[in-house]
Amino acid sequence: MHAVDRRPGSLSLDGPWRFQLLPGPEAPLGDTWTRLEVPGPWTTQDTGDIPRYTNWRMPWPEYPPHPPADNPTGVHERELHIPAAWAGRRIVLQVGAAESVLLAEVGGRPVGIGKDSHLASEFDISHAVRPGAADTLRLTVVKWSDASHIEDQDQWWHGGITRPVLVYATDPLHLADVRVTAPADGRLRVDVQVRSADGALPAGWRVSAHLDGVGELAVDEEYAAWCAEEARVSDFLGEARLRAAVPGVRTWSAETPELYGLTVRLHRPDGSTADTSHHRVGFRTVAIVGRDLLVNGERVFIRGVNRHDFHPLTGRTVTPAEMRADLETIKRYGFNAVRTSHYPNDPALLDLADELGLYLVDEADIESHDHAHEIADDPRYLAAFTDRVARMVLRDKNHPSVIIWSLGNESDYGANHDAAAGWLRRYDPTRPLQYEGAAKTGWARADVASDIVCPMYASLDEITAHAASGEQIKPLILCEYSHAMGNSNGILADHWAAIEATPGLQGGFIWEFWDHGLLQRTTGRTAGRPAGRGGEGAYAHGVAAEGYRWAYGGDFGDTPNDGAFCADGLVFPDRTPKPALYEHRELAAPLRLSREPDGSVRLTNAQHFRDLSWLTAEWLLSLEDAGTRTAPAALPSALPPGASARLAPPPELMDRLPAGGGEAWLTLRVTTRGDEPWAPRGTEVCTPQIRLRERPAPPPPTASGPAVSLDADGLLRHPLLTSPPVLSLWRAPTDNDLLGGAADHWRALGLDRLERKPRSVDRDGARTLVRSAYPTAVGTVEHLQVFTPLPDGGLLVEETADLPEGLTDAARVGTVFETVPGLDHMEWYGQGPWETYPDRCAGGPVGHHSVRVDRLFTPYLRPQESGGRHGVRSFSLLSSDAGGGLAVRLDAPRQVSVTRHRAADLAAATHHDELVPRPRCVVHLDAAHRGLGTASCGPDTLPRYRLGAGTYRWSWSLHRR
Ligand code: GAL
Ligand code: MG
């Protein structure tokens, strides 16, 4: 058990290997080999064994520690050519990860076994190889084992070797471990362990260490003297301790990821170098003081996201370039923290987090969800718990990015956790540890294995009540919140308003980064397999190309399964951002704007460590009726963290303001001034805005022109519409609506099949009054439409709907109609440009936006309500070839959606590829629209984003353009 270090000079064994899939570990090997790409699970490489998705249940019934009899076993073989020059050296085989049991053989000789599907196994193969000749290397991976019961995470089950395989060589005398302690005060300590492959250490060895820009470290003389004493009775003290005090140290934080290079060398008695290891040191201190988690003394907000290892083609195997792309995306959308849910990630990810600046909760590979209670106290799993926690800590201890250790996920709480926590607390007193299962036994309990209260999906009321209770003794950071399944992440702004305003609340980790949709050919679905790597061309903008789809649970014929519950991320399977990411980006904005009573603008630096010099900005003045004007902005670049300053809005824009133009908004568009490690220069960071002038009330209408024409049922006939405006109270259920119960409620009320009954038509001069009734299970909705022809040839529609007592919590109250075909572009004044909803609209600034109709729609994996825009004041639908189209002006900012799909089309489809876009636009204008909430796993939307019974009034006018 020791720290794994990817060594320079190692030989990669990645590439095509010979492969056989056997029905079980005891089945005899056949004669036929196929080829398999390593690393890469066999379940995504057309081998006959399929990916299986279950949330918490085990995919088979056997009790722990038993595996099922049917146990796919992959035999991987290739030649191993060890260079002749490695003769006499210590030769190590490293398998990055294999799930779930790995057996290694060299030249027919067993060299060891390994477990833990997310940590490397290392085997000393010095005595099994023949340097200069070829030996057969065989890695047999057994898919199911006792370990599967503690790897029961909510994700696809795969089988195979999922991380790189390599061999490296060292001197028999080598650096076995280097442990760096680098607190923010600059007092560096490096503890080194030296081991010799053949046991005893030769006399006269020496260790040196050099810190870039600082110099050689000094030997801890006191310790060296003590060692010399001890060595008289024992010659196995292969330890060295070195020290340095770094004056004026540049500290590491997620905002300022300052790293120093450290080189540790082991010298033979003659002074020559036997072994070298390189490290990057970040000086930082993590501490819990009272109920605050402090990084370098600062109470930092944890703006986190949970991330699984995922790839739509390989299932689980990710390259360093892909990990970098993930983390860059995470940084660009305002996150400063990642929980490595639910296992240690590839070491490359930790290097990247150090470099790009992300706080990590490093989580051990322990989740026994289905059998949590039995396993937590089962001594047969004790060694596995401590082994998994300790190996993670030993591997990752030198990463400044790791600020918290996690004992695992959803495994109840038992003696096995306390054993692992006991070891960890003693071994690494420099970091706190967390475990949700322990914390939930009592948020105010000091005696459990969690230094942090880290609940999942707790409601705002619960967490704020705890913070106000006077009983809080630990920081509260949600390990999971705001479940991103489908069209979701409602009330994120409410979360952050509460967190920023409440001492004791410090943030959380959104669940989760990825939608785990595997690319699958649509021909022969049951036999369908994900394409191997190289199929990258088969998707774009979040959508799988013609002939493919994003598969979720059950799509491979996998039973049992948990359907689309694995599609719950902030990015599509191809890493295309979902609209919710923009919401998060704005809530995490490094600078904030507010309006002072005297009308001036106040700017606050909301960061913890940085000033504003890395940012640049421009002002945008958006006027409803007079377009957008821009002017350069001068940011106070030296403004320290937490400070605020008055900012003069640009006179060249403000001078234009009194000239009219309706409602007016001033937006600060903030971008990166230079290249950041995670974003090129000019990347948008946030767009805070303030309203300068309210929207004037619309003038009373004057009727002019002939009254509207209606059909026999009293439905409007209009040359721009192919389907007349009628009342709508329903939406295609989102995942939150389905799993949280709202969809059932609407079905019980009959809102999904609302039918209009004509009541009466009255003419009043040029005005036409149409009354309709819409029966529901709890009474009839009375609906009135008043049509008034306008002087410009347009039409004003004033509507009233009376929802009877009992008709509460509808999806929407509004109008739906369909336009003539050929309108493919939308321009609007309102929030945007991305999708926004009443409880998820902080990230969509008000302004003039313009988007192709096809791109307004968000292609959530399981089709559902999508494409809405909040706060729309007016919009046009235009034909891009012929020009012309229609314009709609709304009485007030309203929720509007324009798509090519009726709500019923969306609700009937199970995958995006089943949707057939209509040539017309389906337009919804809502007087009110229910919030999204996060009820697929966690709290529903807040009461203020729900719809009550009573009278709704809204109006809109339709014009030709
Ligand atoms: C949590 C769990 C995650 C995931 C999530 C729902 O309970 O820790 O692994 O299952 O719920 O998507
Ligand atoms: Mg689980």
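Select Asn605 to begin, and you will find this residue in strand E37, which covers residues 601–605; strands here are DSSP runs labelled E of at least two residues, numbered from the N terminus. The model is a predicted one, in which local features need pLDDT of at least 70 and side-chain atom pairs count only at pLDDT 80 or more, while totals for chains, interfaces and linings use all residues. Residues are numbered from 1 along each chain as its sequence is written, ligands are numbered from 1 in the order in which they are written, and side-chain values use heavy atoms, with hydrogens and water left out.

Next, show Leu639, whose backbone oxygen is reached by the side chain of Asn605 at 3.0 Å. Leaving aside residues up to four places away in sequence, Asn605 also touches others, including Pro590, Arg610 and Gly642, contact being heavy atoms within 4.5 Å.

Now move to ligand 1, which has 13 residues around it, and among these Asp154, His342, Glu410, Glu480 and His483 come nearest; a residue belongs here if one of its heavy atoms lies within 4 Å. Select Asp154, where a side-chain N or O atom is 2.5 Å from an oxygen atom of ligand 1, and then Glu410, where the corresponding distance is 2.4 Å. Taken alone, ligand 1 exposes 310 Å², of which the protein buries 95%, with areas from the Shrake-Rupley method and a 1.4 Å probe.

Notes
Helix = DSSP H or I, 4+ residues; strand = E, 2+ residues; numbered from the N terminus. Polar contact = N/O pair within 3.5 Å; in protein donor to acceptor, adjacent residues only side chain to side chain.
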